Amino acid sequence: MTTLTQTTDDTAPDGGAGAAPRSTGSRATRVLGTVILVTAPIAAYLGLVTSDPDVVQGDAVRLFYVHVPVVSLMYLPVILCTVASIMWLRKRTDGWDALASSSAEVATIFVGLGLVTGALWGEITWGTYWTWDARLTSTALLFLLLLGYLALRRYPAEPAARSKVSAVVGILLVPNAILVHYSVSWWRSLHQDATRGLDTKMEGNQLTTYAVAQGVFVLILVWLSIHAFRVAWLSLQAERGDLDVAIAERMADDDATGGM
Amino acid sequence: MHAAQILAYSDVGTIVFGWGVTAAGVAGYGFWLARRGRSLSRNVAPEDRRWT
Amino acid sequence: MDLNDPFENEDDVDGLDLSPRTAPPVRGGDDQRRKRLLIGGVLGVILVVVGVVAWQGLSNAALYFRTADEAVAQRDDLGDRRFRIEGTVVPGSVEPDGVAVRFRIESNDVQVAVFHQGDPPDLFQEDIPVVLEGRWHQTDDVFESDGILVRHTEEYEADNPDRTDEYVGDDDGGTSSE
């Protein structure tokens with residue numbers, strides 16, 4: 001159901017050995033993508049077909065298998081973005097800049113999907129899509145912070161200044177994520193206390209299904225993160241190239257007018 | 001294949017929609033990344049695309 | 001990844017072009033202005049929404065619910081204010097009453113009678129923790145609820161194990177249920 005491999009002409013046919021790839025794909029990500037294409041349908045089959053319904057929740061437990069892996073993994077790109085933001089402020093290199101920007105993008109996808117699947121699951125089990133409890137409210141704030149970060153990243157400005165403002169916002173992500181994680185123990189909430197696999201009491205084919213789904217989402221996170229990083233890197237290089245061209249054109253203009 | 005069984009679930013619409021949104025979100029973002037990577041690669045010098 | 005360390009500053013190493021790239025291109029000024037306006041607007045909207053969410057969080061999430069015993073103790077202070085009350089549905093107390101339902105909830109050995117108008121959610125049942133939205137009745141010791149939220153626990157149990165299969169699958173059939 002999830003199509004993630006890049007199937008065609010990833011390697012340059014003209015170059016042979018040593019040629020630069022013409023996409024963000026590489027052998028490692030193609031293997032990874034293939035594994036995801038094979039395992040994701042298995043996880044879907046386990047979750048939607050073979051897993052037993054729950055004594056209390058009935059078939060709503062089937063949403064557990066997407067919601068819990070997604071929200072448990074959302075912390076990783078969030079942390080990565082903050083770390084990369086700090087490192088960018090120290091080193092000011094494109095690598096850290098690209099890592100910060102790409103992690104924020106991946107984090108936005110995961111937090112967004114966590115909110116959507118959580119709302120759907122909540123509608124069945126709680127009886128409402130949304131309520132202003134601590135876990136949901138802090139997660140909504142995290143999502144908005146990420147959206148703000150992505151908007152800043154696209155703001156037309158001098159690259160270094162833009163990266164600096166983005167980095168400051170990126171540093172705020174981890175404190176917000178800590179708020180999300182501990183919200184259920186710091187405040188009373190409708191959301192259940194434990195969400196991580198270790199605390200959750202589950203067994204039998206429900207546990208197996210959850211384990212497989214969690215594994216698939218780990219692979220998806222890795223695939224998306226690698227490609228997002230490469231895209232962000234290329235985007236920085238392309239922008240730099242444009243800037244060089246623009247500067248060269250202006251200098252040429254100046255020369256031309258100066259010569260007249 | 002197991003359509004009859006799945007359709008018998010309580011709240012089947014919500015459950016299938018949840019899985020569908022997740023699959024579409026992940027796959028959509030994946031495709032977008034792949035396409036963007038391809039088009040950006042054309043504008044970037046080979047020495048700046050060094051993964052294999 | 002075989003990037004030759006994109007995290008190190010090669011410009012320093014190579015002594016390449018250290019001049020700050022300040023000059024924003026003069027061309028396409030209009031385009032840039034439009035983009036600035038658009039993204040500035042988006043950022044403004046996000047800021048407003050952040051404000052709303054933070055306000056909701058402070059007014060709701062800080063004290064999301066009072067337990068049944070707290071609500072009883074604070075009865076006078078609460079007056080006819082709306083709040084959320086939490087407790088476990090007392091087994092045997094649920095009585096349908098037309099389009100409404102009466103039941104009792106319990107928390108720390110204190111019971112509260114509840115009159116709920118509307119359809120309870122599917123998972124509503126005896127002996128399950130619930131959060132109710134509503135207010136105290138003006139005179140009676142009854143909580144008038146117009147919203148039931150079921151708190152689910154982190155415990156899951158398969159509703160099947162060795163039961164005879166009701167559904168016969170196309171293939172092995174043995175793993176199917178319902």
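A residue is counted as buried under 20% relative accessible area, as exposed over 50%, and as partly exposed in between, with a 1.4 Å probe and protein chains only. By this criterion, buried residues make up 58% of the 260 residues in chain A. The structure is a predicted model, in which local features need pLDDT of at least 70 and side-chain atom pairs count only at pLDDT 80 or more, while totals for chains, interfaces and linings use all residues. Residues are numbered from 1 along each chain as its sequence is written, chains are lettered from A and ligands numbered from 1 in the order in which they are written, and side-chain values use heavy atoms, with hydrogens and water left out.

Chain A contains 8 helices and 0 strands, with helices (H or I, at least four residues) and strands (E, at least two) taken as DSSP runs numbered from the N terminus. The order of elements in chain A, read from the N terminus, is accordingly α-α-α-α-α-α-α-α. Of the contacts (heavy atoms within 4.5 Å) in chain A between residues at least 6 apart in sequence, 77% join residues at least 24 apart. The accessible surface of chain A is about 10000 Å², and carbon and sulfur atoms account for 66% of this surface; accessible areas come from the Shrake-Rupley method with a 1.4 Å probe, and for residues only the protein chains shown count as cover.

The interface of chain A and chain B brings 53 residues of chain A into contact with 37 residues of chain B. Buried area is the accessible area (1.4 Å probe) that two parts lose on being put together, summed over both. For chain A and chain B this area is about 3900 Å², with 72% given by carbon and sulfur atoms. On the side of chain A that touches chain B, at least two residues each are supplied by helix H1 (27-50), helix H2 (64-73), helix H4 (94-125) and helix H8 (204-259) of chain A. The most is given by H8(A), with 13 residues. By class, this side of chain A has 29 nonpolar, 14 polar and 10 charged residues, where Ala, Val, Leu, Ile, Met, Phe, Trp, Tyr, Cys and Pro count as nonpolar, Asp, Glu, Lys and Arg as charged, and the others, Gly among them, as polar.

Asp97(A) is located in helix H4 of chain A and is buried, at a relative accessible area of 4%. Not counting residues up to four places away in sequence, Asp97(A) touches Trp88(A), Arg153(A), Ser163(A) and Leu236(A). Gln214(A) belongs to helix H8 of chain A and counts as buried at 15% relative accessibility. With neighbours within four places in sequence left aside, Gln214(A) is in contact with Val68(A), Pro69(A), Ser72(A) and Leu73(A).

Asp11(B), although not a glycine, has a positive phi of about 55 degrees. Asp11(B) sits in the loop between helix H1 (3-7) and helix H2 (12-41) of chain B and is partly exposed, at 27% relative accessibility. Asp109(C), which is not a glycine, has a positive phi of about 65 degrees. The loop between strand E4 (100-107) and strand E5 (110-117) of chain C holds Asp109(C), and this residue is exposed, with a relative accessible area of 72%.
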